[in-house]
Amino acid sequence: MSELQKLKETKKARIGFYSAGLHAYWDQFEGLYDCLMGYNRFICSRLQAWGEVYNFGMADTEEKGREAGEYFNRNNVDIIFSHSATYCTSACLLPIHQICRAPVIILNLQPAAEMSYETTGTDRWLAQCVGCPVPEISNAFNRAGITYRAVNGLLGLPETPDFAKADEVTCDRPEAVHAWTQIREWCQAAQVRHTLQNSRFGFLGGYYSGMLDMYSDFTMLQAQTGIHVEILEMSDLDAFLGSVTDEDIDLKLKQIEDFFQISGDSPSDPIAKKPTQDQLLWSARVAAAQEKMVLDRDLDSVSYYYHGHDDHFEEVQSGFIVGFSLLNAQGIACSGEGDIKTALAMKICDILGRGGSFCEIVAADFNRDTMILGHDGPFHFAISKGKPILRGMGVYHGKRGSGVSVEAKVRPGAVTTLGVTQTGDGRLKFNISEGEAIDAPILLNGNTSTHIRFSEKPVQYMDRWFAEAPTHHFALSTGHNAGLFSKVAELMDIPYSVF
C-alpha cells in the first residue's frame, strides 16, 4: 500500500445501536431480558464488521431513551439501528431520536421462522413479537417529523438460545440473508456520508467553457454533502512540478509500466500514436507533481481543466491524464473538464469499493443493443479488463493541447452508472441505472469505452435517461448497486431516480 493509500483509507462509519423493550416485563418473565440482550450482542457483533459500533444496550423507559439520545450525540454517530427486541412503547424511543438526529433504521428481525405453538408461553412469545411495536413507532416518528426506514426479516442466528422453544437457526434463510444485505448496505451508505463529511475536493483551474451542466455552486456542494472544496491554481501544481526529482520520475515510470500497456500507432485513428519517450517522461514528471500536491493539500479528489494559449500551463495539462488515472487507483477521485459533481459520484463509488470511472455517452450500437460509454479522461484501474493502453494524442478532441491518453474498457459483468446532476431548484440529484458490460469491439483512439447492455433497448433507455435532465458525465461502477446508491442518497437527503 502506498503512502497515499494509507493516508486515504476509507473512514469507518460510527454506528449507533440499541435494543428496545419494556421495563415492566423483566420482573414478570425470568430469562426474557437475558435472551433479548443475547440477540443484542449478536447484532452488535455483526455490525462491527462495517464500522465502529456504539451499543447503548436496552432502552426500556422514557428516561433510558433520553440517556441513549445523549449517548449517541456524545459519540457523534452517523446512523442508528433501533432493534425492536420485543414490544415497547413508542414513548421510550421518541426521545432518543429527538435528541440525536442521526438517521434511524428500525430492525424488525424475528428470531424464529415460526413459533413452537404447542409449547410457547407468554415469555417466549414476547421474544418473537418484534413486529408488534413497529407500526406504533413509525406513527410516532412520522408525527414528530423523524424520517425512518425499516428492515424486516429474520434475525439469522447460527444456533438456538437455551431460552427459546422454537428452532431459531435461520442464518441461511432468504429472509435473514435479505435483511442482513439491507443492514450492510445501510452501514456502507453511512460510511459514504461520514467519509464525504471529512473530505477535501480540489478544484484545479476552471470549468470547460460553455459546458453549462458542469457549473455548480461550491457552497451548495458543501451544504448538501459536507465536502470542503479547495480552489487550486495551475501555479500551485507548477510549484510542486519544480520540486520533482529524477528519483520521483523513475518511481512514476515504474508505476506506469506496472499499470499500463504502451501502445503502438493506432491502426484506425491518425491522431492516436505510440507515446514518445518524451511524452512518457513528461507524464511521469507531472504525475509525481500531482501526487505531491494531493499529499500536501490533503485532497481526496481533484476536478481539473485548464484552457491556455500555447503556454507552459497548457503543457502541464498535457500530462494530466496518466497521473490522475494513477491517483484514481489510489482512492483519489479525479475528473476532467472541471466536473466536480462527477468527481463526487466517482468518490462515492470508490468509497464503496466499486471503482468509479469518468464516463459519458460515446454512441449507441443498435446491432448489439448496447450503449457505448467512456471518455478521454482518467480511468479507474480497479474495473479494467486487462491493462489499460496508453496512446499518444496529437490533439485532444475539442480541447487545446496534446499528450498521452488512456484507452481501456471495463471488464464484462454487472455495472451501475451513477450520475450526480443539479436540478433547477439548486438541489443535487442522483441518476442511477444498472446494466451489463459486454466484451465487444471498441475504437482504437486513445479513449476508454465499454459496451453496456441495459434492460431496455438504446432508444427506450435514452428516452428515460434524458428525461431526468442529467449532467452529461457520470461514474461507471462494477456490480449492481442501485439499492446501495439509493441508500446513500436517502441518508444524504438527495433526490434520486433509478432507470
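**Close-up views of a predicted model**

**View 1. Where E10 meets E11.** Zoom in on strand E10, residues 301-305, and you will find three bridges joining it to E11, with the two running parallel. Look for Ser-303, which stands opposite Ser-335 in E11.

**View 2. Phe-81 in the largest nonpolar core.** This core has 72 residues, and Phe-81 is listed with Leu-47, Ile-183 and Ile-348 as those with the most contacts inside it. Leaving aside residues up to four places away in sequence, Phe-81 touches Ile-15, Gly-16, Phe-17, Tyr-18, Leu-47, Ile-105, Leu-107, Ile-183, Trp-186 and Cys-187. A second, separate core of 55 residues includes Trp-282, Leu-299, Ala-437 and Phe-474.

**View 3. The whole chain, for orientation.** Stepping back, the protein chain holds 17 helices and 20 strands. Its radius of gyration is 26 Å, close to the 23 Å that the globule rule gives for 499 residues, so the chain is as compact as a globular protein of that length. The C-alpha trace spans about 85 × 50 × 45 Å along its principal axes. Of the 499 residues, 59% are buried. The chain exposes about 20,000 Å², with carbon and sulfur atoms supplying 48% of that area.

Note on methods
Residues numbered from 1 in each chain as written. Predicted model: local features only at pLDDT ≥ 70, side-chain atom pairs only at ≥ 80, totals over all residues. Heavy atoms only, no water. Core = buried A, V, L, I, M, F, W, Y, C linked by side-chain atoms within 4.5 Å. Buried < 20%, exposed > 50% of the residue type's maximum accessible area, 1.4 Å probe, protein only. Contact = heavy atoms within 4.5 Å. Pairing = 2+ DSSP bridges. Helix = DSSP H or I, 4+ residues; strand = E, 2+ residues; numbered from the N terminus. Rg over C-alpha atoms; globule rule 2.2 N^0.38 Å. Areas by Shrake-Rupley, 256 points an atom, 1.4 Å probe, with all protein chains shown as cover.
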